[in-house]
Amino acid sequence: MEGTGPSPAQRRAATELINEARASSVRLIDSLTRLWDGIVEASALTANDDEHDPEGATVAYERAQLRDVLKQARADLDDLDQAAQRVLTDEYWVCERCGGPISAARLTARPATRICITCAASKVAG
Ligand SMILES: [Zn+2]
């Protein structure tokens, strides 16, 4: 089951890709967190207003949406952290479903992926 494994250049390229993705993920979380703090602050200021304020529903909706986006962004960052660990072993290049290779093109497009394109395509079916 031993393949040829990734070359040092492949390993470096993968690490670079993951680091870039992590950096933009961290920036996204930063700005989302600032947005979140702003909304929380704004609603704290208006907390004593009439509870039937028509803007209340909109703010609640925005908060729920932002919370989901933030949650997703943190999950992505977590995936990238795990990907960075997997690069240290050859696991990063191996599909965790079928044990087959994950193509370089797929890893370039999705640096945090754990499964090959075939398994990703059949994921919807079950
Ligand atoms: Zn697979």
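## Fold and secondary structure

The protein chain holds four helices and zero strands, where helices (H or I, at least four residues) and strands (E, at least two) are DSSP runs numbered from the N terminus. Read along the sequence, the pattern is α-α-α-α.

This is a predicted model, in which local features need pLDDT of at least 70 and side-chain atom pairs count only at pLDDT 80 or more, whereas totals for chains, interfaces and linings use all residues. Residues are numbered from 1 along each chain as its sequence is written, and side-chain values use heavy atoms, with hydrogens and water left out.

## Surface and contacts

The accessible surface of the protein chain comes to about 8900 Å², and 55% of this area belongs to carbon and sulfur atoms; the areas come from the Shrake-Rupley method with a 1.4 Å probe, and for residues only the protein chains shown count as cover. Of the 126 residues in the protein chain, 22% are buried, a class that means under 20% relative accessible area, with exposed meaning over 50% and partly exposed in between (1.4 Å probe, protein chains only).

Among the contacts (heavy atoms within 4.5 Å) with a separation of 6 or more in the protein chain, 60% are between residues 24 or more positions apart.

## S25 in helix 1

S25 lies in helix 1, which covers residues 8-45, and it is buried, with a relative accessible area of 7%. When residues up to four places away in sequence are not counted, S25 touches A73, L77 and L80.

## The zinc site

The zinc ion has as its protein donors the SG atoms of C95, C98, C116 and C119, lying 2.3 Å from it; donors are N, O and S atoms within 2.8 Å of the metal (3.2 Å for Na, K and Ca), and since water is not among the atoms, sites may look incomplete. The site is tetrahedral, with angles of 106 to 115° among its four donor atoms, where four donors count as tetrahedral if all angles lie between 85 and 135 degrees.

In sequence, the donor residues are spaced C-x2-C-x17-C-x2-C. C98 lies in the loop between helix 2 (55-87) and helix 3 (104-109), and C119 lies in helix 4 (residues 117-122), so this pair ties together parts that are 21 residues apart in sequence.

C116 is buried at 6% relative accessibility and C119 is buried at 9%, whereas C98 is partly exposed at 49%. With a disulfide taken as a pair of cysteine sulfur atoms within 2.5 Å, the count comes to zero disulfides.

Methods
Four donors count as tetrahedral if all angles lie between 85 and 135 degrees; four count as square planar and six as octahedral if opposite donors are over 155 degrees apart and all others between 65 and 115; anything else is irregular.
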